[in-house]
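Reader: I am new to this one. Please show me the structure, and then let me ask about it.

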Amino acid sequence: MADVDIIVNKFLALWRIPFVRLKLPWIFLCLSMVGSLVKSTQLVPETYFSNSRNVLNMYFVKVSWGWTLLLLTPFIFLINYNDSLTFALRRMSSLVVATAIWYTFTETFFYIEDATGTCHRDQVPHKEFTTKWRCRNAGGQWDGYDISGHSFLLSYSALIIAEEMAPMATMERNRNIVLDLLYVSLNGIVIIWIWMFMCTSVYFHNFCQNGLGTVFGILAWFVTYRVWYPKPLSPGLPLKPIKQS
């Protein structure tokens, strides 16, 4: 498993660069703004990723929260278990909080789109269809305000994964092949999320819709990991292991 160790060390070296993790929220904001501005020029050519049925979108982004939980759950448990089972379970409760945030925001976005839209079929409004789902099932087009759920979810997921992976950068004991494989997989998912976030900004939605989704994703991360989690009555922050002398 020497190859895995090499890959782990390369990712560790990357995340030890202060700019990478500390400026990640600003990177998402910049990508959202620049990508949306590029889209507004209408000069971007059609590519494989401009089709929403591309492989990464269909099998990763559309079930992105499932991938996030699948990889983060065992990782958080294993990286914290050696300190204490109680602390590991406390830290895993952060995923319950994150899932509640994901569900609340996405359902709110759906509600806003339904509340602000009208169904059109053959350019004729059909007010009997009051939701996007019913409208599309009837063969119509819905024109509600569509805050980018992809921008929200991909930025939020990548930010919390980066936070939870942070202890690996200073971990010199209690590492094992399972933990290393999870770490490599989580980094792979973050790379996919950033790439698909860029594609969302360039090919889908508009400046405000992408921007709002991104701001809400960053806000959800900031309120939890920077405001609430440092406090005693919270899931707590990931531990930073002390280097062995």
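**Order of elements**

Author: From the N terminus on, the elements run α-α-α-α-α-α-β-β-α-β-α-α-α. The model is predicted: local features need pLDDT of at least 70, side-chain atom pairs count only at pLDDT 80 or more, and totals for chains, interfaces and linings use all residues. Residues are numbered from 1 along each chain as its sequence is written, and side-chain values use heavy atoms, with hydrogens and water left out.

Reader: How many helices and strands does the protein have?

Author: Both kinds are DSSP runs, numbered from the N terminus. A helix (H or I) needs at least four residues, and a strand (E) at least two. The protein has three strands, and its helices number ten.

Reader: In what order do the strands of the sheet stand?

Author: Two strands pair if DSSP finds at least two bridges between them. Strand β1 (residues 119-121) is joined to β3 by two bridges, and the two run antiparallel. The sheet is open, with antiparallel pairing, and its order is β2-β1-β3.

Reader: Why is one side of β2 and of β3 left without a neighbour in the sheet?

Author: Strands of a sheet pair through backbone hydrogen bonds, either parallel or antiparallel. β2 (124-125) and β3 (141-142) each have a single partner strand, so one side of each has no neighbour, because both stand at the edges.

Reader: Is Thr68 buried or exposed?

Author: Thr68 is in helix α5 (residues 64-81). Buried means under 20% relative accessible area, exposed over 50%, and partly exposed in between (1.4 Å probe, protein chains only). At 1% relative accessibility, Thr68 counts as buried.

Reader: Which residues is Thr68 in contact with, leaving aside its neighbours within four places in sequence?

Author: Contact means heavy atoms within 4.5 Å. With those neighbours set aside, the partners of Thr68 are Ser157, Ile160, Ile161 and Trp193.

Reader: What share of the protein counts as buried?

Author: Along its principal axes, the C-alpha trace spans about 75 × 40 × 30 Å. Of the 245 residues, the buried share is 41%.
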